[in-house]
Amino acid sequence: MQELYEQYGRLLFTLAYQLTGTVADAEDAVQDVFLKIYEIDSARLTQPKAYLCKMVTNRCRDLLKSARRRREQYFGEWLPEPVPTENDSSLEAIVRGELLSYAMLVLLEKLSPAERVVFVLREAMGFDYAAIAEIVDKSEPACRKLISRARGKMGVPPEEQVRPEAASEQWVKRFVSALESGNADTVVAMLASDVTLVSDGGGKAIAAVHPIRSPVSVARFLLGIANQIAHPDSGITFRLAGINGQAGLLFSSPTGPDTIVLLHQENDKLQNLYLIRNPDKLASFNDKS
């Protein structure tokens with residue numbers, strides 16, 4: 001069992017995290033699976049990777065059903081929990097090569113549990129359709145149909161790359177400099193015409209209840225925050241950090257992590273901004289701020 005965990009634990013956590021969007025649910029799913037493995041005849045583990053992925057997938061589908069009800073009652077916008085990926089010791093459970101960008105995790109919320117499972121297995125984990133069909137107990141044509149439907153809901157064309165472009169570290173620094181300059185025109189010029197800002201406070205931290213759209217509205221909102229942070233008494237500091245495999249911003253107060261900001265761009269314009277402020281979702285960064 002220890003051998004199986006060492007070989008597949010990280011992979012299973014990465015799968016579970018992308019299926020559920022939270023660290024706690026992913027950890028619970030993997031732990032539950034390895035507890036159940038002790039009761040299974042080793043003869044059934046001739047293909048352990050597929051078997052374990054199937055068990056984790058089934059557990060996550062159950063978790064998704066209860067999570068959907070919770071998210072319907074969530075105050076304001078719900079965003080996936082971010083995870084630190086600054087270096088190999090930040091969160092050893094993540095397999096970065098099989099981790100969708102944060103923007104894709106947000107889009108996964110548009111999908112049904114079945115669509116989400118098949119999409120993650122195919123586009124993040126790289127399983128072929130035969131393996132996916134075996135894991136989800138569906139035919140290959142049914143799996144292909146689910147992928148097509150998922151792409152349609154997410155606005156991803158059939159043959160297009162599914163990973164939105166995460167803003168590079170250099171681009172993030174440029175954007176921060178623009179905000180620090182206080183020049184609204186400079187900030188607006190870096191935003192896409194249909195830019196969207198989503199913030200998640202969960203009723204436990206101040207956040208915009210609804211998404212903010214349009215370059216002028218987003219720029220005004222961000223410049224207001226920048227002015228507050230620049231005040232000598234704010235006590236807020238920030239730095240670049242590796243988050244979900246990309247360059248993000250980690251804001252901290254004297255009591256700990258305050259806000260995570262992740263940016264995604266298209267054609268050198270900022271397309272999406274995600275601000276995670278719910279303190280429950282910042283726990284992984286408590287000793288890294």
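**View 1. Ile 212 in β3 is the bridge partner of Leu 197.** Two bridges join strand β2 to strand β3 (residues 212-213), and the two run antiparallel. Strands pair if DSSP finds at least two bridges between them. Strands (E, at least two residues) and helices (H or I, at least four) are DSSP runs, numbered from the N terminus. This is a predicted model: local features need pLDDT of at least 70, side-chain atom pairs count only at pLDDT 80 or more, and totals for chains, interfaces and linings use all residues. Residues are numbered from 1 along each chain as its sequence is written, and side-chain values use heavy atoms, without hydrogens and water.

**View 2. Strand β2 runs parallel to β7.** Six bridges join β2 to β7 (residues 269-276). Val 198 stands opposite Tyr 274 of β7. Strand β2 (residues 191-200) is mostly covered, with eight of its ten residues buried (under 20% relative accessible area, 1.4 Å probe, protein chains only).

**View 3. Helix α6 (residues 129-136) has Tyr 129, Ile 132, Ala 133, Ile 135 and Val 136 buried.** These residues lie on the same side of α6, because they cover an arc of only 165° around the axis (taken from the directions from the helix axis to the C-beta atoms). The buried residues of α6 pack against α3 (48-72), α5 (113-124) and α7 (140-154). Asp 137 follows α6 and has a positive phi, near 60°.

**View 4. Helices α6 and α7 are roughly perpendicular to each other (65 to 115 degrees).** They pack at an angle of about 95°, with their axes 9 Å apart. Axes are lines fitted to C-alpha atoms over the stretch in contact, and angles run from 0 to 180 degrees between N-to-C directions. Contact (heavy atoms within 4.5 Å) involves Tyr 129, Ala 130, Ile 132, Ala 133 and Val 136 of α6 and Glu 140, Cys 143, Arg 144 and Ile 147 of α7.

Definitions and conventions: Buried < 20%, exposed > 50% of the residue type's maximum accessible area, 1.4 Å probe, protein only. Parallel < 35°, antiparallel > 145°, perpendicular 65-115°, else oblique.
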